[in-house]
Amino acid sequence: MKKTAIFPGSFDPYTMGHHDIVLRSLNLFDEVIIGIGYNSTKKNRYFDIDLMVSKIEEVYQGESRVKVMVYNELTSTFAKNTKANFLIRGLRNTTDFEYENTISQMNRYLNDELETVFLITSPQYAAISSTVIREVHRYGGNVSEFLPYTI
Ligand code: ADP
């Protein structure tokens with residue numbers, strides 16, 4: 001059976017930490033769908049959603065096993081609709097763990113065919129967070145080292 005995994009997140013912006021998780025996931029799964037959760041009525045992103053989709057697509061241009069999609073529904077429903085049987089999340093620290101633990105229990109309840117798989121961050125990317133990158137970018141700092149594309 002084909003192993004399809006979704007990697008859901010806000011990706012505001014998509015970082016080297018996310019990129020590392022996707023590259024490692026390609027060793028485990030046949031296909032990885034990067035799903036950007038987005039509510040078009042809220043519009044509360046910092047980086048434009050269409051810009052982020054095109055930047056991520058650019059990163060995986062030569063890799064047909066990676067797809068980028070935007071979704072506006074429960075992650076468990078998005079998994080059913082894409083026929084994904086795995087959900088990937090990255091873990092940096094115990095704060096991530098506490099949050100992810102709760103979410104994964106709920107996702108299991110909502111979709112019992114979906115297995116959440118956690119990958120521990122590579123040490124060189126452990127300190128990278130989209131929140132901090134947004135703040136640095138907002139005040140004109142250079143964030144290029146933390147992104148797998150140019151912005
Ligand atoms: P969300 O808003 O759903 O938390 P994010 O875009 O912040 O989405 O993150 C998506 C996933 O990537 C989460 O599982 C998060 O823990 C993980 N992640 C974020 N930054 C890193 C990093 N530097 N290394 C590994 N995983 C990360």
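**View 1. Glutamate 31 is a buried residue, with a relative accessible area of 10%.** Here, buried means under 20% relative accessible area, exposed means over 50%, and partly exposed lies in between (1.4 Å probe, protein chains only). Its partner in a salt bridge is lysine 67, with the closest N and O atoms 2.6 Å apart. A salt bridge is a side-chain nitrogen of Lys or Arg within 4 Å of a carboxyl oxygen of Asp or Glu. Because glutamate 31 sits in strand E2 (residues 31–37) and lysine 67 in strand E3 (residues 66–71), the pair ties together parts 36 residues apart in sequence. Lysine 67 is partly exposed, at 38% relative accessibility. Lys2 joins Glu31 and Lys67 in a network of salt bridges.

This is a predicted model, in which local features need pLDDT of at least 70 and side-chain atom pairs count only at pLDDT 80 or more, while totals for chains, interfaces and linings use all residues. Residues are numbered from 1 along each chain as its sequence is written, and side-chain values use heavy atoms, leaving out hydrogens and water.

**View 2. Lysine 55 and glutamate 58 pair up within helix H2 (residues 49–59).** Helices (H or I, at least four residues) and strands (E, at least two) are DSSP runs, numbered from the N terminus. The two residues are 3 apart, about one turn of the helix, and their salt bridge spans 3.9 Å, N to O. Lysine 55 is buried at 14%, whereas glutamate 58 is partly exposed at 40%.

**View 3. Arginine 89 meets glutamate 100 in a salt bridge of 2.8 Å, N to O.** This pair links distant parts of the chain, strand E4 (residues 86–91) and helix H4 (residues 94–110), with the two residues 11 apart. Both arginine 89 and glutamate 100 are buried.
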